[in-house]
Amino acid sequence: MALRTCRVTCRDIDSVEHSVTITADSLYENHGTRPGCQWAGDIGHGQTMVMVVVKQPEVEHKVRVRDFEAWLESNGRSPAEMALKSRLRELLSK
C-alpha cells in the first residue's frame, strides 16, 4: 500500500477528543499511533473507537480497539503482514 496522509481521532477516558495527522501505509499502522503516543490521553479498550480518515481521496474508517488488538495478536497471513505486525508491536511497546 502507498503512503497516505491520514487523520487519526480518538476520545480519551475523560471524553476529550484527540486528532493527529500522520503519514502511514496501512490502516493498522494508523491505528497503532494511538495509545502510548503523547498526542492522546488515556483511552479505553474494548468498545473504544478510533477513527482514521484517509485523504487523497478522503476515506473514513472506524476500528474498535479490541478488534485492532485481536488482529495484532493473531498470526500474519503473509510475510508482509507479519513484518507489519512486528513493527507495530515494537511501536506500541515504546
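Biologist: Before we start, what am I looking at?

Modeller: A predicted model, where local features need pLDDT of at least 70, side-chain atom pairs count only at pLDDT 80 or more, and totals for chains, interfaces and linings use all residues. Residues are numbered from 1 along each chain as its sequence is written, and side-chain values use heavy atoms, with hydrogens and water left out.

Biologist: What makes histidine 18 count as buried?

Modeller: Buried means under 20% relative accessible area (exposed is over 50%, partly exposed in between, with a 1.4 Å probe and protein chains only). Histidine 18 has 16% relative accessibility, so it counts as buried. You'll find histidine 18 in strand S2, residues 17-24. Strands (E, at least two residues) and helices (H or I, at least four) are DSSP runs, numbered from the N terminus.

Biologist: And why is alanine 24 called buried?

Modeller: Its relative accessibility is 2%, so alanine 24 gets the label too. Alanine 24 is also in strand S2. In space, alanine 24 and threonine 5 are 6.7 Å apart, C-alpha to C-alpha, though 19 residues separate them in sequence.

Biologist: What joins the side chains of histidine 18 and aspartate 12?

Modeller: A polar contact of 2.8 Å. The term needs a pair of N or O atoms within 3.5 Å; within protein, one must be able to donate a hydrogen and the other to accept it, and residues adjacent in sequence count only if both atoms are side-chain atoms.

Biologist: How do you know that S1 and S3 pair?

Modeller: Two strands pair if DSSP finds at least two bridges between them. S1 (residues 4-11) and S3 (residues 49-54) are joined by five and run antiparallel, so they pair. Cysteine 10, for instance, has valine 50 as its bridge partner in S3, and valine 8 stands opposite valine 52. S3 is also joined to S4 (residues 59-64), by six bridges, again antiparallel. There, valine 50 has valine 63 as its partner.

Biologist: Which strands stand at the edges of the sheet?

Modeller: The order is S2-S1-S3-S4, an open sheet of four strands with antiparallel pairing. S2 and S4 stand at the edges: each has a single partner strand, so one side of each is left without a neighbour in the sheet.

Biologist: What makes up the largest nonpolar core?

Modeller: A nonpolar core is a set of buried Ala, Val, Leu, Ile, Met, Phe, Trp, Tyr and Cys residues joined through side-chain atoms within 4.5 Å. The largest has ten residues: Cys6, Val8, Cys10, Val20, Ile22, Ala24, Val50, Val52, Val54 and Val65. A second, separate core of six residues includes Val63, Phe68, Leu84 and Leu88.

Biologist: How do you know that the buried residues of H2 are on the same side?

Modeller: In helix H2 (residues 65-73), Val65, Phe68, Trp71 and Leu72 are buried. They cover an arc of only 130° around the axis, which puts them on the same side of H2. That arc is taken from the directions from the helix axis to the C-beta atoms.
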